[in-house]
Amino acid sequence: MQQPKRILVLAPHTDDAELGAGGSIAKWLEAGVHVHVAVFSTAEESLPEGSRPTQLADECHESLDVLGVPRENRTILGYPVRKLSYHRQEVLEHMVQLGRDIDPDWVLVPSGADLHQDHATIHDEALRAFKHKTLLGYELPWNHITFSASAFVTLERRHLEAKWAALTKYRSQLEMGRPYFTPEFHDSLARVRGLQVKSDWAEAFELIRIVL
């Protein structure tokens, strides 16, 4: 596949882009690809009691700063968590506008096997908004029963280290003890995916559509 010039990562919530594709984002940015990230919900209702409402949005900016995503390449929207399906038309219209503004070569979305209701909404609406683009579905194993690992991005240790450094900026999630917020989890998953393509580490994606 030809190296893309512009990649758009669609994240239902803050942290989804980094969790599903943080290592790949680090690699693409290193190679000079213009990476854009659009987040649809800051999930304020999921924060611990007493948290400031902007905490996850602030943590998202800090995380993307670590990866090196330029501020002008970020869109953070305020849809309510677990209710994106109630706002399908508005979500679709935002995606269509992002497509016009960015004209991405590749678009990353949650996998079609992702069971979370918000993730499924972003996946489905992205199929409508970007049906003429190359589409890759990123892996969030805790939301899957099955996953078709049909595309891989091989990584170096520095890309994994950048991914974890970015994730550590989500202090709220670390404090809540999310089991997928550990360096051991991400290292082990990357090792398994790397083994599948004879590499030390990799991130896997569901190949939804390819445009050559």
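**Close-up 1. Trp28 and Trp106 are both buried.** The model shown in these views is predicted. Trp28 belongs to helix α1, residues 16-30. Trp106 belongs to strand β4, residues 106-110. The two ring centres are 5.9 Å apart, and the ring planes stand at 85°, so this is an edge-to-face pair. The pair ties together parts that are 78 residues apart in sequence. In total, the structure holds 7 aromatic pairs.

**Close-up 2. Five aromatic residues form one cluster.** The members are Trp142, Tyr170, Tyr180, Phe181 and Phe185.

**Close-up 3. Helix α2 packs against helix α5.** Helix α2 covers residues 55-67, and helix α5 covers residues 157-167. Their axes lie 8 Å apart, at an angle of about 160°. That angle makes α2 roughly antiparallel to α5. The crossing of α2 past α5 is right-handed. On the α2 side, the contact uses Ser63, Val66 and Leu67. On the α5 side, it uses Ala162, Lys163, Ala165, Ala166 and Leu167. By class, the residues of this contact of α2 with α5 are 6 nonpolar, 1 polar and 1 charged.

**Close-up 4. Helix α1 also packs with helix α5.** The axes of α1 and α5 are 8 Å apart, and the angle is about 125°. The two helices α1 and α5 are therefore oblique to each other. Helix α1 passes α5 in a right-handed crossing. From α1 come Glu18, Leu19, Gly22, Gly23, Ala26, Lys27 and Glu30. They meet Arg158, His159, Ala162, Lys163 and Leu167 of α5. The contact of α1 with α5 divides into 4 nonpolar, 3 polar and 5 charged residues.

**Close-up 5. Helices α1 and α2 cross at roughly 35°.** Their axes come within 9 Å. Helix α1 supplies Glu18, Gly22, Ile25, Ala26 and Leu29. Helix α2 supplies Cys60, Ser63, Leu64 and Leu67. The contact of α1 with α2 has 6 nonpolar, 2 polar and 1 charged residues.

**Close-up 6. Asp15 has a positive phi.** Most residues other than glycine have a negative phi. The phi of Asp15 is near 90°. Asp15 is found in the loop between β1 (6-13) and α1. With 8% relative accessibility, Asp15 counts as buried.

**Close-up 7. Asp103 has a positive phi too.** Its phi is near 50°, in a residue other than glycine. Asp103 lies in the loop between α3 (88-102) and β4. Asp103 is partly exposed, at a relative accessible area of 39%.

**Close-up 8. Trp201 sits in strand β7.** That strand covers residues 201-209. Trp201 is buried, and its relative accessible area is 11%. Leaving aside neighbours within four places in sequence, Trp201 is in contact with a run of residues, Val153, Thr154, Leu155, Glu156 and Arg157 among them. Its contacts also include Leu160, Asp187, Ala190, Arg191 and Gly194. The C-alpha atoms of Trp201 and Phe152 are separated by 9.8 Å, and these residues are 49 residues apart along the chain.

**Close-up 9. Asp187 and Gly194 are two residues of helix α7.** Helix α7 covers residues 183-196. Asp187 counts as buried at 18% relative accessibility. Not counting residues up to four places away in sequence, Asp187 touches Arg157, Leu160 and Trp201. Gly194 counts as buried at 0% relative accessibility. With that same exclusion of sequence neighbours, Gly194 touches Ser199, Asp200, Trp201 and Ala202.

Terms used. Residues numbered from 1 in each chain as written. Predicted model: local features only at pLDDT ≥ 70, side-chain atom pairs only at ≥ 80, totals over all residues. Heavy atoms only, no water. Axes fitted to C-alpha atoms, helices over the stretch in contact; angles between N-to-C directions. Helix = DSSP H or I, 4+ residues; strand = E, 2+ residues; numbered from the N terminus. Parallel < 35°, antiparallel > 145°, perpendicular 65-115°, else oblique. Left-handed = near helix turned anticlockwise from the far one by under 90°. Contact = heavy atoms within 4.5 Å. Nonpolar A, V, L, I, M, F, W, Y, C, P; charged D, E, K, R; others polar. Phe/Tyr/Trp six-rings, centres within 6.5 Å; stacked < 30°, edge-to-face > 60°. Buried < 20%, exposed > 50% of the residue type's maximum accessible area, 1.4 Å probe, protein only.
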